[in-house]
Amino acid sequence: MGNIGTDEAAAFLTDLTAEVGVPAPRHLAVPLLRCADALARANQRERASAIYAKLSQAGQPSGVRRAAMEGLLRLQGDQRAATILSWFAGDDADRRLVAAARLGELSDEQLDSLAMQLAQLPDISKATLMEVLVSRRGKRVLPLVTSIAQSDNPELRLAGIRALGLVGDESVIAFLVDLLSSGGESAEAAQEALAHLPRKPVGAALLKALDRRPAARIPAIEVLKKLKYYE
């Protein structure tokens, strides 16, 4: 039935899934997804959308839900950006995963808008968004990342500090070295970031910290070790 993929085949499988309820067993869900794909290709968008919506509802297996959500996004065409933004910022883990894979489709303006909501996003979404921003715009997001690294929100601050290791330059070294004395997760994140920045200026700044900042000595030595800075 799934390979036949006609409206009649889809109706037959839909009736069977209605009988068993949620979750739909795999031997019904998978061929029903194939029918929806075939209907979408045949431009029967409303019928395909109804099947995708049914299989994407809460309680369905995660793999089935995500495949159905992908189908819903495909049907939305150029209008799907709003759905991606909504799903990525929402509480549904499956929707967030599907939306995260499509963040690259958003415009720079839409990504900036999402970045302004960073404090309200789930932790996993924060890290994903930072990665996309960095990969898309590189050094151009340094001012944004720097401001995020100074946020009063602890989770947001950690995401920003780690991202400084990806887009930072010599201008952020002093800030990161200062964080080494703070202890806890901020100090660990600063160590990670420093280990990814240019070796020579980082090493020189850490050597000064060894003399002037006793509380920073142990984390500074750890970074020097990662950099293989033996001067």
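A residue counts as buried when its relative accessible area is under 20%. In this predicted model, Arg65 has a relative accessible area of 6% and is therefore buried. Asp94 is also buried, at 9%.

The side chains of Arg65 and Asp94 form a salt bridge, with an N to O distance of 3.1 Å. Arg65 belongs to helix α4 (residues 62–76) and Asp94 to helix α6 (residues 93–100), so the pair ties together parts that are 29 residues apart in sequence.

## Other salt bridges

The whole structure contains 12 salt bridges. One of them joins Arg47 and Asp7 at 2.8 Å, N to O. Because Arg47 lies in helix α3 and Asp7 in helix α1, this pair links parts that are 40 residues apart in sequence. Arg47 is partly exposed, with a relative accessible area of 24%, and Asp7 is partly exposed at 31%.

Glu105 and Arg102 meet in a salt bridge of 2.7 Å, N to O. Glu105 is partly exposed at 42% relative accessibility, whereas Arg102 counts as buried at 12%. Through shared partners, salt bridges join Arg65, Arg66, Asp92 and Asp94 into one network.

## Backbone features

The peptide bond from Val22 to Pro23 is cis, with omega near 5°. Pro23 sits in the loop between α1 (7–20) and α2 (26–41).

Asn43 is not a glycine, yet has a positive phi of about 70°. Asn43 is in the loop between α2 and α3 (45–55) and is exposed, with a relative accessible area of 56%. Lys228, likewise not a glycine, has a positive phi of about 55°. Lys228 lies in the segment after α14 (217–227) and is exposed at 54% relative accessible area.

Technical notes
Residues numbered from 1 in each chain as written. Predicted model: local features only at pLDDT ≥ 70, side-chain atom pairs only at ≥ 80, totals over all residues. Heavy atoms only, no water. Helix = DSSP H or I, 4+ residues; strand = E, 2+ residues; numbered from the N terminus. Buried < 20%, exposed > 50% of the residue type's maximum accessible area, 1.4 Å probe, protein only. Salt bridge = Lys/Arg side-chain N within 4 Å of Asp/Glu carboxyl O.
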